[in-house]
Amino acid sequence: MEGEVQGHIEQVAREAKPQVSGIENLAYGSLSGMMGKFVEYPFDTVKVRLQTSETQVFSGTLDCLKQTWQHEGFRGFYRGLTSPLLGAMAENAIAFYAYNRIQSAIRAVSHDSEAGLSLPQLFASGALSGSICAFVISPVELVKCKLQVENVQGYASGGTQASRTKFKGPLSVVAHLLKTQGVGGLYKGILPTVARETLGVGFWFGTYELVCQMLLNMQNRDGSAKLTKSDLGAGSIVLAGGCAGIGYNITSYPIDVVKSFIQTDDVRSASASKERTGIVSTIKTVYSRGGIAAFYRGLGITLIRAFPANAAMFMTYEYLTRLSAALHSH
């Protein structure tokens, strides 16, 4: 059975390779990133606040939702959206473009432009595209996390939001970092970001391809028809995209916790050290807050948002590429 699934994956990877140009890949990836970010951002705000706040600030996900609403209203869930929205558009554009180009490079190395790729090869293509994306997304995530977290520790003190807010927006954060730390300050947390994106995006694309093929196998049990991803309906794309989001987050979440912790160390506490926080010391600090469970704090809300957000991303990309292919064929 495993060999049959692998064979079908290679067939689909061969028959469903991109029929759109590089520019179109960038454009469709960008639009898919925008759609996904609008869906996921309120959940992401809660996730980051749970990851980085002291345990006495929030008792759990529902308490974080309640307090954010009470202190900041609806806008609080979208605090700092501008930077990650632009970042998501850039990241997804690069991710889809690189993923498809890397597949083409693998085929070129094999001297067979029609060669199908195995699941490990597809995973490797996704992992490499993720490592590239990390250098684009790291400064964006740094700004996002600081804006999401900077006023949280004041919730318990009862102070006003204005007295607890240091930055006015993304540009304010960037200006502060450039003034105090230089360009290097924008890449604080780059190593865990690279690790998270390499592992996570590999599983993101790998899971999507695997679920798509499993669904195609169910539609074509007797093997009488040659089906590709373009034969999958909206429901199947939603399922595959949602599962891809789950795969990304389950595999990379502990790394994401460390990354968020490092990037917000200077805004979580007034007494925070100005020195760069190391990865090893951060792991020890997180562990001291609750053992292994501390590395998964906020995972529940993350998985809840991962399914619809990633379903929206893959749905947008898939149908835009199908539309483009249809237009090119006429």
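1. **The α9/α11 pair.** Helices α9 and α11 are oblique to each other in this predicted model. The reason lies in the angle: the axes cross at roughly 135°, and an angle counts as roughly antiparallel over 145 degrees and as roughly perpendicular from 65 to 115, so this pair falls in the oblique class. The axes come within 7 Å. For orientation, α9 covers residues 234–263 and α11 covers residues 299–328.

2. **Handedness and make-up of that contact.** The crossing of α9 past α11 is right-handed. By class, 17 nonpolar residues take part in the contact. Six polar and three charged residues are also in it.

3. **Overall fold.** The protein has eleven helices and zero strands. Along the sequence the pattern reads α-α-α-α-α-α-α-α-α-α-α. The chain holds 330 residues, and 52% of them are buried.

4. **The largest nonpolar core.** This core has 25 residues. Those with the most contacts inside it are Phe96, Trp204, Phe205, Tyr208, Leu232 and Phe314. Which elements give two or more residues to the core? They are α4 (82–109), α5 (119–149), α8 (190–219), α9 and α11. The largest share is that of α8, with eight residues. Both helices of the oblique pair are thus on the list of contributors.

5. **Asp265.** This residue sits in the loop between α9 and α10, the latter being 279–288. Is Asp265 buried or exposed? Its relative accessibility is 8%, so Asp265 counts as buried; the cut-off for buried is under 20%. The side chain of Asp265 has a partner: a polar contact of 2.4 Å joins it to the side chain of Lys188.

6. **Lys144.** Here is a charged residue by class, found in helix α5. Lys144 counts as buried because its relative accessibility is 3%.

7. **Points to check in the viewer.** Start with the right-handed crossing of α9 and α11. Then look at the side chains of Asp265 and Lys188, with their 2.4 Å contact. Next, turn to Lys144 in α5, buried at 3% relative accessibility. Finish with the eight residues that α8 gives to the core.

Methods
Residues are numbered from 1 along each chain as its sequence is written. This is a predicted model: local features need pLDDT of at least 70, side-chain atom pairs count only at pLDDT 80 or more; totals for chains, interfaces and linings use all residues. Side-chain values use heavy atoms; hydrogens and water are left out. Axes are lines fitted to C-alpha atoms, for helices over the stretch in contact, and angles run from 0 to 180 degrees between N-to-C directions. Helices (H or I, at least four residues) and strands (E, at least two) are DSSP runs, numbered from the N terminus. Angles under 35 degrees count as roughly parallel, over 145 as roughly antiparallel, 65 to 115 as roughly perpendicular and the rest as oblique. A crossing is left-handed if the near helix is turned anticlockwise from the far one by less than a right angle, and right-handed if clockwise. Buried means under 20% relative accessible area, exposed over 50%, partly exposed in between (1.4 Å probe, protein chains only). A polar contact is a pair of N or O atoms within 3.5 Å; within protein, one must be able to donate a hydrogen and the other to accept it, and residues adjacent in sequence count only if both atoms are side-chain atoms. A nonpolar core is a set of buried Ala, Val, Leu, Ile, Met, Phe, Trp, Tyr and Cys residues joined through side-chain atoms within 4.5 Å.
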